[in-house]
Amino acid sequence: MIAWLIAQATTTSAPAVTEMTAMGWVFMITSITSVTILVSFCYFKVLTRPSTVEHMHAPLDIDTRDQGT
Amino acid sequence: MASRPKEQWGTKVGVILAVAGSAVGLGNFLRFPGQAAQNGGGAFMIPYFLALVLIAIPMCWAEWTMGRYGGRFGFNSCPAIFGVIGRNKFWRFSGVLGLLIPVGVYMYYVYLEAWCLGYAWSYFTGDIVNQLGTAPAEYASNSGKFFDKFVGAEADGLTSAGGGIQSAVFFWLITFTLNFILIYRGIAKGIERFCIIAMPIMTVCAFLVLIRVLTLGTPDPAHPEQNVVNGLAFMWNPKAGPGEPWWYALADAEVWLAACGQVFFSLSVGFGIIVNYASYLRQDDDVVLSGLTAASTNEFFEVCLGGLITLPAAFVFLGVAGATSGAAGGTFGLGFNTLPAVFMHMPEVGGFQTGRVVGFLWFFMLFLAAITSSLSMLQPAIAFLEEGLGIGRRASVALLGLITALGSFFVIYFSKGLVALDTIDFWVGTAMIFVLAMVEVVLFGWVMGVERGFEEAHRGAAIRIPAFFKFIIKYVSPTFLFVIFVMWCMNNLPARIEGIAAGGVALGAIMVLAALFIFLTLLVAIAGPRWQAETLDTHKTRGFPVGGGQ
């Protein structure tokens, strides 16, 4: 695997018109997968956190400043 | 601050979506792919993710933490919050940037928002489809003409070349009014409620466009090389100079500068917006996970959607030359010149113009992305006027409406070559953001103190920030920011200063910004004694150590 990565790293840049290279796939899949995993983890934690019940504010607690001004 | 009723977010998801909505904007879909393709392709992602970890996410946590801390004293604007943390006038006045930046950016951003709405409406009515013609060879040039006429880029004034008021002016009126209606309704009923509706709609629109782009295959049999996979290759293949290994791109300072700049601007750090939004949290509300979630949501829109839609679609229909031109055209070129031509090329399905539907979805999504951002630009100034001058919501909305309308009118009127817009974007939307970001990171890491800052951040936190981020926030982030800022100045300032020295609209734009800066500084000076009295009172009341006054 490491040898393959080194080999890919030493290949010259792709010309302007080209097919997807192995490193192109690596960068695209790694980037998208890592961001997707991160955002999934975050929303999973946010939505399943047991101690944080959604704050339900009483009407008087939410002031919109649109009265009495 | 007991006399002023406190606003708060209604739900934890609401505040996350509001902050994410603030960050997700046109740059995610239009700027990111162009920057990546021009600066190393896939190799761009290495400095990009490094900057995300070393600058952007730590800064998000710092802003969330400082904002919630300031909210404890009943403050919601940067000058007041920075004053509470820094406890002297320097920090209070440095917070003026946290007002100048969002208000200055709003003055032109609401105009871009109007373009998006106008384009979406044109696709809905079919007007743009008719105006781009039926000859594929003329789509690109007709698209450019449509844009110039729509925004009045050919001449200053409010009338278009063909006579009559520019279409963009009508859409500006609509978007400007809509923004102020929503902001008037307040944090929970206005911003939060809108973002909870808009963000999912935006996601659905983006996925529909993505599915259409990824299923294009090879639409033109005469050009088999112009297919989706090669379009993705155009965007993601790592590349350096001709004949060089791809990793040579990493030795290019421009690549690093571009990547850091993209991450930095994309996440809306250094705007003063996150500080303001976080100040409406409760004191035991989580900021660490919320900050990370908002940042990762922004990254999802940027990398996973922006990175797969625009340039691959341009490549499939316009080939290497068209996609390269689109990438080089920047946000406006790619979004409003290249993509309309791309949508025109999309094949009909059963006599149905899919390009028209995709065009509508695309620009409507951009409009939602823009309005969730522009709303966040108004709130810091509204909060400041309320808490600094002691005026009510109605008066503060009216005053800010007048200020931003005047500034926005300047941008719209001097539309030739979009010089006014570009000048304000450069000085306020770029240079000042760097400065405010450095102010914030020093304030958090050195003045508040990284130990105290982490202790504050971890109050009610759902996850803990790894300890090595203390070192990063205190030493790496400020250094990284400073080096990038110096490099950026060396690359850009000489040409800009020459432009101002030449006079004309660029100089006028600078004078508008200077007037705004002086006005806001005076207001902060008026508000200072009031805040000082209230802060001391709050400190005594709640048992916090009394500082030396702001």
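Me: Is Gln38(B) buried, partly exposed or exposed?

Reply: Buried means under 20% relative accessible area and exposed over 50%, with partly exposed in between, using a 1.4 Å probe and protein chains only. Gln38(B) counts as partly exposed because its relative accessibility is 44%. Before going further, please note that this is a predicted model, in which local features need pLDDT of at least 70 and side-chain atom pairs count only at pLDDT 80 or more, while totals for chains, interfaces and linings use all residues. Residues are numbered from 1 along each chain as its sequence is written, chains are lettered from A and ligands numbered from 1 in the order in which they are written, and side-chain values use heavy atoms, with hydrogens and water left out.

Me: Where does Gln38(B) lie, and which residues does Gln38(B) touch beyond four places away in sequence?

Reply: Helices (H or I, at least four residues) and strands (E, at least two) are DSSP runs, numbered from the N terminus. Gln38(B) belongs to helix H2 of chain B. Contact means heavy atoms within 4.5 Å. Not counting residues up to four places away in sequence, Gln38(B) touches Ala327(B) and Ala328(B). Between the C-alpha atoms of Gln38(B) and Leu117(B) there are 28 Å in space, and the two are 79 residues apart in sequence.

Me: Where does H15(B) bend?

Reply: The bend at a residue is the angle between axes fitted to the seven residues ending there and the seven starting there. In H15(B) the bend is about 40 degrees at Thr338(B), and Pro340(B), a proline, follows within four residues. The buried residues of H15(B), among them Phe336(B), Thr338(B), Pro340(B) and Phe343(B), pack against helices H2, H6, H7, H8, H14 and H16 of chain B.

Me: What does H8(B) pack against in turn?

Reply: The buried residues of H8(B) include Tyr139(B), Phe146(B), Phe147(B) and Phe150(B). They pack against H6, H7, H9 and H15 of chain B. H8(B) has 13 residues and reaches 18 Å, close to the 18 Å expected. Just after H8(B), Gly152(B) takes a positive phi of about 70 degrees.

Me: Which residue has a positive phi of about 60 degrees although it is not a glycine?

Reply: That residue is Ser268(B). Ser268(B) is found in the loop between H12 and H13 of chain B, and it counts as buried because its relative accessibility is 6%. Leu418(B), also not a glycine, has a positive phi of about 55 degrees. Leu418(B) sits in the loop between H17 and H18 of chain B and is buried, with a relative accessible area of 10%.

Me: Which residues touch the most other members of the largest nonpolar core?

Reply: A nonpolar core is a set of buried Ala, Val, Leu, Ile, Met, Phe, Trp, Tyr and Cys residues joined through side-chain atoms within 4.5 Å. The largest core has 216 residues, and Trp64(B), Trp115(B) and Trp362(B) touch the most other members. A second, separate core of five residues includes Met23(A), Phe27(A), Trp246(B) and Ala249(B).

Me: What volume does the largest pocket have?

Reply: On a 1 Å grid over the protein atoms alone, a cavity is a set of points where a 1.4 Å probe fits but cannot get out, and a pocket is an open set with protein on both sides within 12 Å along at least five of seven lines; lining residues have an atom within 4 Å of a point. Grid points are joined across faces, edges and corners, and a volume is the space filled by probe spheres set on the points. The largest pocket has a volume of about 1200 Å³. Of its 46 lining residues, the closest to the centre are Arg31(B), Phe265(B), Thr331(B), Asp425(B) and Thr430(B). H2(B) provides the largest share of this lining, eight residues.

Me: Is Thr430(B) buried or exposed?

Reply: Thr430(B) counts as buried, at 13% relative accessibility. Thr430(B) lies in H18 of chain B and touches Phe265(B), Asp425(B) and Trp488(B), not counting residues up to four places away in sequence.

Technical notes
The expected span of a helix is 1.5 Å times one less than its number of residues.
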